[in-house]
Amino acid sequence: MEALREMTPFLSKSARLDLKSVSLTHVLGLTGSKDGITLISQCPQLLSNVVELTADESESVRKDAVLTLVNISAEQEGAEALVKELVGEIVPLSYAAILDENNKLADPWSMVLCNVSRPEALVNAVLEELLKIEHAIEKLTTCLTRIGYNKQKGHLNYLGPLFSNLSQCKRGRDIICNQKTDLLSRIVPFVHHEGSIVRRGGAIGLLKNICFDSTVHDWLLSGEVDVLPYILLPLAGPEEFDDDTNDKLPVELQYLGPDKSREEDPDIRKMLLESLAQLCATRKGREYLRDRGTYEVLRELHKFECSPEGEKRLLATCENVVDILIRTEDEIGEDNLKALEIPEDVISKIEKMDDGNE
């Protein structure tokens, strides 16, 4: 710890370039371990100096400084220290770098912003800083949804999980679900994005978080957003259905053909199933899902998860959703499963999906 304090003055922008470079390289090396990040997180002035060096005249110093912040923020302890001491600097710096289509460090900066917003306890602080910037969320949506936005080969894939992180809090969900700005409709198509599992997983994580709010279910299932095909299509495989079943399915899922493949990542499949479970909260949602072949798609998914290619740990999650859909409304006995007190065996299907257990 004492060595880090002694090194801190050499990490200022006014220090000699050689001293800055050597000191920053040492600090960057320390961020390769959790213990190192713990030590650095206890040095507020050092953190402040590293943030300052992200605007250094030397390109190599700027790069190492941002990479240091990426590593520090990857651990919750580091993210907490950065947000506590420097959120008012880190958020605008990250945002400006991401918005600059010629910034060579836009990708690591997007990772920093993603990392500091991942812990649920930090989301509101990060969002508050973003909202101080006019139209920040709308402009970040443009960066996410316009492939090739960055002209320096930056992919900006980590903006996907950033939006998932922001949707952990109600204020974030309300902004994304604002029907005037229509941000959700712009992001939802990326649940099928094949170019990056990070971007795809982020979009699906966002959708799952939005589905937890039953007050927007009617809108989500309406023609304005129409989320059901986005959820079901990755869960569907090459199985053939009879004409009656195909007629029930959303048009995007009808007669898919033998080359149709399922989402390969089991964690993403789990999030999609959890989204369906949330949409089962209301009677209207359950009836909508039943009428559009959701049970039939999940029946085939269950067979897949039982196969060597599937994931046995997803079976309970799939079965929980199926169990709700195959019950009659008389058996369920309630309209909104979230708003009313209901039998323990039914509510566990909705609220305890993360456990994967009945």
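Which residues have the most contacts inside the largest nonpolar core? Let's work towards that together.

First, some ground rules. This is a predicted model, where local features need pLDDT of at least 70, side-chain atom pairs count only at pLDDT 80 or more, and totals for chains, interfaces and linings use all residues. Residues are numbered from 1 along each chain as its sequence is written, and side-chain values use heavy atoms, with hydrogens and water left out.

Now the overall picture. The protein has 22 helices and 0 strands. Both are DSSP runs, numbered from the N terminus: helices are H or I with at least four residues, strands are E with at least two. Along the principal axes, the C-alpha atoms fill a box of roughly 75 × 45 × 40 Å. Of the 358 residues, 54% are buried. For us, buried means under 20% relative accessible area, exposed means over 50%, and partly exposed is in between, using a 1.4 Å probe and protein chains only.

Back to my opening question. The largest nonpolar core has 102 residues, and those with the most contacts inside it are L130, L184, L220, L276, L289 and L298. Helix α6, residues 76-99, gives the largest share of this core, with 11 residues. A nonpolar core here is a set of buried Ala, Val, Leu, Ile, Met, Phe, Trp, Tyr and Cys residues joined through side-chain atoms within 4.5 Å. As background, nonpolar side chains in soluble globular proteins tend to be buried together.

Let's zoom in on L220. Leaving aside neighbours within four places in sequence, L220 is in contact (heavy atoms within 4.5 Å) with L184, I210, C211, V225, D226, V227 and L279. Across the whole protein, 70% of the contacts with a separation of 6 or more are between residues 24 or more positions apart.

Next, please find helix α4, residues 44-53. This helix is mostly covered, with 7 of its 10 residues buried. The buried ones are L46, L47, S48, N49, V50, V51 and L53. And what covers them? The cover includes α1 (2-7), α2 (17-30), α3 (34-41), α5 (59-74) and α6.

T141 counts as buried, at 0% relative accessibility. Not counting residues up to four places away in sequence, T141 touches F163, L183, R186 and I187.

What about disulfides? A disulfide is a pair of cysteine sulfur atoms within 2.5 Å, and a search of the whole structure finds 0 of them. Take C306: its nearest cysteine sulfur, that of C318, is 8.6 Å away. C306 is partly exposed, with a relative accessible area of 38%, whereas C318 is buried, at 0%.

L156 has a positive phi of about 60° although it is not a glycine. You will find L156 in the loop between α9 and α10 (159-166), and L156 counts as buried, at 1% relative accessibility. Y255 is not a glycine either, and has a positive phi of about 50°. Y255 lies in the loop between α16 (243-248) and α17 (266-279). Is Y255 buried or exposed? Y255 is exposed, with a relative accessible area of 54%.
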